[in-house]
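Please take a moment with the sequence and the structure shown below, and then follow the paragraphs as a guided walk through some of the charged side chains.

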Amino acid sequence: MKILISVCGEGFGHTTRCLAIGEELSKEHEVKFIAYGKSMDFIKRCNYEVFETYPEVKLTGYNGRFDIKGSIFNREHKPTKAIKRELKIVKRYKPDLIITDCKYSTALVAKLLNIPFYIVTNQNYTRSCDNRKFIVYPVMRFLNIINKQSKGVIIPDLPMPYTICEYNLTMLDNLQFIGPLIRYHVDDYEDEDDNYILSVIGGFEYRYRILELLNEISRRKDIKVKMVCGSYEVAKKLRKIKSPNVEIIPFTTNMEDLIRRCSFIVCHGGHSTLMEAVSFGKPVITIPDLYHPEQENNSKKIGDLKCGIALSHIDLENTLEWAIDEMMNNPIYFKNAKKLKELCKFYNGRANIREIVRKHERDSRSKGIISLLKFSREGKRFKMF
């Protein structure tokens, strides 16, 4: 069976979980990708064939603040441009099945061409109490119309009540909780702790202030920090001010080892990073982008599960150092993170995505046989006349 996986390239979270899907399904099927930008380059480095497309949105912000209006409504990146490109790609490749991770232009193309498709997402609704709801709610209502047309909406998370993205979901009849979709085989490793903090804040300039504060705290408190920046430009700036205790890592292909050996993680609250953290049993300090409802809700759930601490950019100078001290001195966060790790072993997202596709293939074959028998019977009736 030919499977096409389409990736939203805003951040590497969508990319890494799509690679987990690709690695699993390519054992039994032909798999190709649709992607763009750094996401496309990363997938190519993993030796997959990738068709290039356009983004539908472009994440923007400043001073730790996420600009949701500017990200959705911009002149440079429009869904229509992506749809036109992807129509050509899908018509040429002719996949039997499409799996799209938050890339709704590809879902619309699949619907137009009558190709079965699944949607992978950790967000189909967002609880928001401020003016953002006047933008977010209509967008989510439209996306759920598409979600309902899919064969299934795959949630790469633990089932309730341990769902990290719970506050970003509304229940649909075709939702399926399959467990984390991460690239790493956690069962292959024993628990380790090399006594350093892992920062995976990412390469957006508007998060640079967090990295500066971490650098200062590292120098003042003599704490080891490894910073994965996701950007050569950000890494270059940090090297000019870095503490002797800080290791700057612009990009890495060894995130698996970095997570496994760290004490805990400082991140922005993206879903894929949080799922990797809990899969390895590592607690987190989350600092979601201001006015980014999805990250804020993920962070709130992490706090409610007591496997991490959620902070805000607003008072970060006073709270980040406190959170690091609290994390290092309170074992409850490590205890609860270990509990989630055991759940992640049981709810194996990679095995479950493979079974979903196998079931789809079995159902397709059954329908094909039934259609063939029906055609044969009707042909016999025609001959009787």
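A residue is called buried when its relative accessible area is under 20%, exposed when it is over 50%, and partly exposed in between (1.4 Å probe, protein chains only). This is a predicted model, in which local features need pLDDT of at least 70 and side-chain atom pairs count only at pLDDT 80 or more, while totals for chains, interfaces and linings use all residues. Residues are numbered from 1 along each chain as its sequence is written, and side-chain values use heavy atoms, with hydrogens and water left out.

A salt bridge here is a side-chain nitrogen of Lys or Arg within 4 Å of a carboxyl oxygen of Asp or Glu, and a search of the whole structure finds 26 salt bridges. One of them joins the side chains of Lys 32 and Glu 49, at 3.1 Å from N to O. Because Lys 32 lies in strand β2 (residues 30-35) and Glu 49 in the loop between α2 (37-45) and β3 (50-52), this pair ties together parts that are 17 residues apart in sequence. Helices (H or I, at least four residues) and strands (E, at least two) are DSSP runs, numbered from the N terminus. Lys 32 counts as buried at 16% relative accessibility, whereas Glu 49, at 43%, counts as partly exposed.

Lys 226 forms a salt bridge with Glu 247, and their closest N and O atoms are 3.7 Å apart. Lys 226 is in strand β11 (residues 225-228) and Glu 247 in strand β12 (residues 246-249), so that the pair links distant parts of the chain, 21 residues apart. Lys 226 is partly exposed, with a relative accessible area of 22%, and Glu 247 counts as partly exposed at 38%.
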